[in-house]
Amino acid sequence: MTYLIALVVSVGSIAAGAVLAARGRRVDVTEWAVGGRRFGSYLFWFVLAGETFTTFALLGASQTVYADGAPGYYVLGTVVLTSAIGYWVVPRIWRAGNRHGLLTEGDYFTSRFDAPWLGAVLALFGIVGLLLYSEVQLTGLALILRTLFGDGMSNTWYVIVAGAAVDAFVLAGGMRSVAFGSVVKDLLLLVVLLVIAVTAANAAHVDGWGGIFDAVARKHPSAATLPGLAGGTSTNTWWWMSFLLLTPIGAFVLPHSFQVSYTAKDIGTIRRNQIVQPLYSLFYILIIVIALAALLAQPGLKGAAANGSLLLFVRDHSPGWLVGLLAGAGILVALVPTGVLLLTCGSLFTRNVYPLLRKEPGDREQLRVSRIAVVVLAVLAVAVTATQNSALVNVMVNVYNAIGQLAPALFLSLLWRRITALGALCGVIVGTAGIVLPPLNAALLSLCPPGTVIGLPALVVNTVVTVLVSLVTRAPGPAAIAVGLPPETADTATPKPVSEPG
């Protein structure tokens, strides 16, 4: 029964999403990559939220709370801060895409700096970052499959199966297929988490949610304060604050966030969603309650094993039908965001890298190359995931450390007319070097309080270098500057609403 429910939920949703995505529509590059730029408030809500409620939200957040306690509470602030920044930046991203026919983040950088080479370089940088991000999703999906079907197959085979499932999901209908899967995923997961959270206290042998927190306070008194259960600087106050700040800064330079932004039909749709998106942070309360109940009922899971703490708790203390529903919803939680990641990687390659190899490919050729790229990049993502065994939160910190180095290039391009392509590139190179080169890494961290996430001081150096190099190099022309700073909005914070043409 458990297996049947999980398969019906996941496979049925994939099939339904594919049918609905393809029905009555001619699939071209714009339809494939950004859903034809026609998503209204409800569909855009679920696609945007789909990038919030990922495998990391379900398993990574619960693993952090289970292993460390209070440090995991940072997730309650990420959605709120991200939405505050998104209210300002996403309409500007959408406006640039709508007016100039952009489909990817690489398209934006190419047009804003009049530099196809910069778009290609940053597209490759984004692809690497998204492949690292896909490790979180595929690891979670493999965990769900292994918990559901047992240890009959090795983890590598589960990751391969997960990658094949994502490929099938994306190839079926592109972004629109992902959107319909998001609707089922979020509604189902909310109901399942509510049921699990309501029954969690009984499974932990305490009375109510208050009893869960009281029992944790007695048995693990350090769980409620920073640095939490593990102690040390790796989860102290400075880690907590620096990662909480880095997350919303990096959220909208993740290339798939760009692509999701382009799916909205108008700016009003975007702003309404940014206002209500913080409601999703309430879901994390359910995950925190379940994670603490798991700590009481099944203590002792360490390291990467704690990634599956929520799944093990539900498997061992819930009826089969509920386990099946969680497994089905969990599969979708992994498939939907990973589908967006691979779709974005394929689009970045086709739109920004492939034209350097073959000039002006046609629409049909772009679509074909995008689909091939999705398959190839899925293989790479599977290879990366199969060779790693890290705690999900550590992978996520590494993703934001790296991809966050695109933030100065984006935000300054929306604020400062003088920023140049060379300045943006030098900033990214220096910031990334500060993360990956041990001597620079150590030098930056020596200037910061212990526990600071390296991505934040690297971002400061990145910004300084971007500004200095831009001041001594030639700025792009007026037409390029207008992509990020249109004349009518260059001196005002409230842009005029723009409707989709046609």
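Reader: What is the N to O distance in the salt bridge of arginine 358 and glutamate 365?
Author: This is a predicted model, where local features need pLDDT of at least 70, side-chain atom pairs count only at pLDDT 80 or more, and totals for chains, interfaces and linings use all residues. Residues are numbered from 1 along each chain as its sequence is written, and side-chain values use heavy atoms, with hydrogens and water left out. A salt bridge puts a side-chain nitrogen of Lys or Arg within 4 Å of a carboxyl oxygen of Asp or Glu. The side chains of arginine 358 and glutamate 365 meet at 2.6 Å.

Reader: Is glutamate 365 buried or exposed?
Author: Buried means under 20% relative accessible area, exposed over 50%, and partly exposed in between (1.4 Å probe, protein chains only). Arginine 358, at 46%, is partly exposed. Glutamate 365 has 11%, so it counts as buried.

Reader: Which residue forms a salt bridge with aspartate 107?
Author: The closest N and O atoms are 2.9 Å apart. The pair links distant parts of the chain, 244 residues apart: aspartate 107 in α6 (residues 105-113) and its partner in α15 (residues 320-357). Aspartate 107 is buried at 8%. The partner, partly exposed at 25%, is arginine 351.

Reader: How many residues of α6 are buried?
Author: Helices (H or I, at least four residues) and strands (E, at least two) are DSSP runs, numbered from the N terminus. The buried residues of α6 include Tyr108, Phe109 and Phe113. Helix α6 is largely enclosed by the rest of the structure, because the buried count among its nine residues is eight.

Reader: How much accessible area does the nonpolar patch have together?
Author: Patches use residues with over 30% relative accessible area and no salt bridge; like charges are joined within 9 Å, nonpolar side chains (Val, Leu, Ile, Met, Phe, Trp, Tyr) within 5 Å. Areas come from the Shrake-Rupley method with a 1.4 Å probe; for residues, only the protein chains shown count as cover. Leu76, Tyr87, Trp209, Phe213, Ile275, Val276, Leu279, Leu282 and Ile285 form this surface patch, together about 790 Å².

Reader: Which elements give two or more residues to the nonpolar patch?
Author: Tyrosine 87, partly exposed at 38%, is found in α5. The elements giving two or more residues are α5 (75-100), α9 (208-219) and α12 (267-276).
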